[in-house]
Amino acid sequence: MTFRPLHDRILVRRIEADEKTAGGIIIPDTAKEKPQEGEVIAVGPGARDESGKLTPLDVKAGDRILFGKWSGTEIKLNGEDLLIMKESDVMGVIEQIAAVKKAA
């Protein structure tokens with residue numbers, strides 16, 4: 001089954017946080033907070049402005065994003081826990097910068 005969000009909504013899979021701290025302490029499931037980072041799975045076509053013109057979304061499928069702790073609506077699709085949220089709930093996109101060092 002495929003799922004396509006409508007308007008300015010996006011479908012997000014949470015990225016689970018590490019189970020250990022930097023010092024090596026294992027964090028139990030009951031003490032973990034919900035991750036605020038996720039991967040965009042699907043995006044809607046965009047929102048319409050006052051004149052009816054379609055405004056495309058800034059995020060695209062495959063982007064890693066940060067969102068608010070209580071953002072979105074949790075759903076279960078094909079046995080997987082996902083979130084549906086509006087693009088306005090996204091705080092930013094995490095871009096991976098490949099550090100390429102040139103030999104002098």
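Me: What does the side chain of Ser 71 reach?

Reply: A polar contact is a pair of N or O atoms within 3.5 Å; within protein, one must be able to donate a hydrogen and the other to accept it, and residues adjacent in sequence count only if both atoms are side-chain atoms. Here the Ser 71 side chain reaches the backbone nitrogen of Gly 68 at 3.2 Å. This is a predicted model: local features need pLDDT of at least 70, side-chain atom pairs count only at pLDDT 80 or more, and totals for chains, interfaces and linings use all residues. Residues are numbered from 1 along each chain as its sequence is written, and side-chain values use heavy atoms, with hydrogens and water left out.

Me: Is Ser 71 buried or exposed?

Reply: Buried means under 20% relative accessible area, exposed over 50%, partly exposed in between (1.4 Å probe, protein chains only). Ser 71 has 12%, so it is buried.

Me: Which residues is Ser 71 in contact with, leaving aside neighbours within four places in sequence?

Reply: Contact means heavy atoms within 4.5 Å. For Ser 71 these residues are Leu 83, Met 85 and Asp 89.

Me: Where does Ser 71 lie?

Reply: Strands (E, at least two residues) are DSSP runs, numbered from the N terminus. Ser 71 is in the loop between strand 5 (64-67) and strand 6.

Me: How many bridges join strand 6 to strand 7?

Reply: Two strands pair if DSSP finds at least two bridges between them. Strand 6 (residues 73-77) and strand 7 run antiparallel, joined by five bridges. Opposite Ile 84 in strand 7 stands Thr 73, and opposite Leu 82 stands Ile 75.

Notes. Helices (H or I, at least four residues) and strands (E, at least two) are DSSP runs, numbered from the N terminus.
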